[in-house]
Amino acid sequence: MAREIATLAGGCFWCVEAVFDDVIGVESVESGYTGGHVANPTYKQVCNGDTGHAEAIRVAFDPDVIGYGELLDIFFHVHDPTQLDRQGNDIGPQYRSAIFPHSPEQEAEAKAAIDRARADWPDPIVTRVEPEATWYPAEDYHQEYFAREGASSGYCVMVVAPKLAKFRKSYAARLKK
């Protein structure tokens with residue numbers, strides 16, 4: 001089985017991780033940090049906004065089941081790519097919208113996905129295509145956070161759950177059973 005990696009930043013990693021966990025063809029999703037200049041950053045350091053890292057997810061997927069382009073279309077559907085260095089009330093460069101391609105082919109597809117998404121958004125898309133950078137997994141308590149804590153976390157109930165519901169309604173045919 002072929003396996004590829006997609007690295008995406010779309011605000012809080014809890015939000016985007018929960019969405020991609022449900023997608024057919026996605027083998028695993030890991031929350032972490034990328035795109036910064038500090039080695040082995042902690043959540044607290046990244047939240048301060050001065051390490052240069054984005055909260056991101058690393059998606060392992062089977063390209064014979066779901067293509068990179070379709071993953072990017074989902075990505076643009078479940079976050080607001082028009083907000084510079086923020087997603088809603090999460091503000092700072094660590095919450096930026098960014099794609100970190102792992103190959104020239106992924107970079108070309110990222111640019112094509114941005115072009116496709118423009119039709120869906122009234123404001124300009126500010127998603128950056130950034131160079132592949134060192135990946136740092138987030139602390140264990142961030143992994144599968146929504147699955148474990150969603151019902152008891154006010155943030156998850158107010159922010160993550162609506163994004164997940166929107167995704168599930170729009171992409172019902174692409175959901176794992």
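1. The structure, a predicted model, holds zero disulfides. For Cys-15, the closest cysteine sulfur is that of Cys-12, and the 4.5 Å between the two sulfurs is too far for a bond. Cys-15 counts as buried, at 3% relative accessibility. Cys-47 also has Cys-12 as the source of its closest cysteine sulfur, but here the separation is 8.9 Å, again too far for a bond. Cys-47 is partly exposed, its relative accessible area being 29%.

2. Salt bridges across the chain. There are eleven salt bridges in the structure. One of them joins Arg-168 to Asp-22, with the closest N and O atoms 2.6 Å apart. This pair links distant parts of the chain: Arg-168 belongs to helix H6 (residues 154–170), Asp-22 lies in the loop between helix H1 (13–21) and S2, and 146 residues separate them. Arg-168 is partly exposed, with a relative accessible area of 38%, whereas Asp-22 counts as buried at 17%.

3. The Asp-85 and Arg-128 pair. Asp-85 forms a salt bridge with Arg-128, and their closest N and O atoms are 2.7 Å apart. Distant parts of the chain are linked here as well: Asp-85 is in the loop between H3 and S4, and Arg-128 is in strand S7 (residues 128–129), 43 residues apart. Both partners count as partly exposed, Asp-85 at 22% relative accessibility and Arg-128 at 29%. The pair is also part of a network of salt bridges that links Asp-85, Arg-96, Arg-128 and Glu-130.

4. A salt bridge within a helix. Lys-111 and Glu-107 form a salt bridge in which the closest N and O atoms are 3.2 Å apart. The two residues are four apart in helix H4 (residues 104–117), so about one helical turn separates them. Lys-111 is partly exposed, with a relative accessible area of 45%; Glu-107 is partly exposed too, at 34%.

5. The side chain of Asp-80 does make polar contacts, with the side chain of Thr-82 at 2.5 Å and with the side chain of Gln-83 at 3.4 Å. Leaving aside residues up to four places away in sequence, Asp-80 touches Gln-87 and Trp-121. The residue is placed in the loop between helix H3 (68–78) and strand S4 (86–87).

6. Pairing of strand S2. Which strands does S2 pair with? Strand S2 (residues 26–34) pairs with strand S3 (residues 54–61) in the antiparallel sense, over eight bridges. Within this pairing, Glu-55 in S3 is the bridge partner of Tyr-33. S2 is also joined to strand S8 (residues 136–137) by two bridges, and these strands run antiparallel. There, the bridge partner of Gly-32 is Pro-137 in S8.

Note on methods. Residues are numbered from 1 along each chain as its sequence is written. This is a predicted model: local features need pLDDT of at least 70, side-chain atom pairs count only at pLDDT 80 or more; totals for chains, interfaces and linings use all residues. Side-chain values use heavy atoms; hydrogens and water are left out. Two strands pair if DSSP finds at least two bridges between them. A polar contact is a pair of N or O atoms within 3.5 Å; within protein, one must be able to donate a hydrogen and the other to accept it, and residues adjacent in sequence count only if both atoms are side-chain atoms. Contact means heavy atoms within 4.5 Å. A disulfide is a pair of cysteine sulfur atoms within 2.5 Å. Buried means under 20% relative accessible area, exposed over 50%, partly exposed in between (1.4 Å probe, protein chains only). A salt bridge is a side-chain nitrogen of Lys or Arg within 4 Å of a carboxyl oxygen of Asp or Glu.
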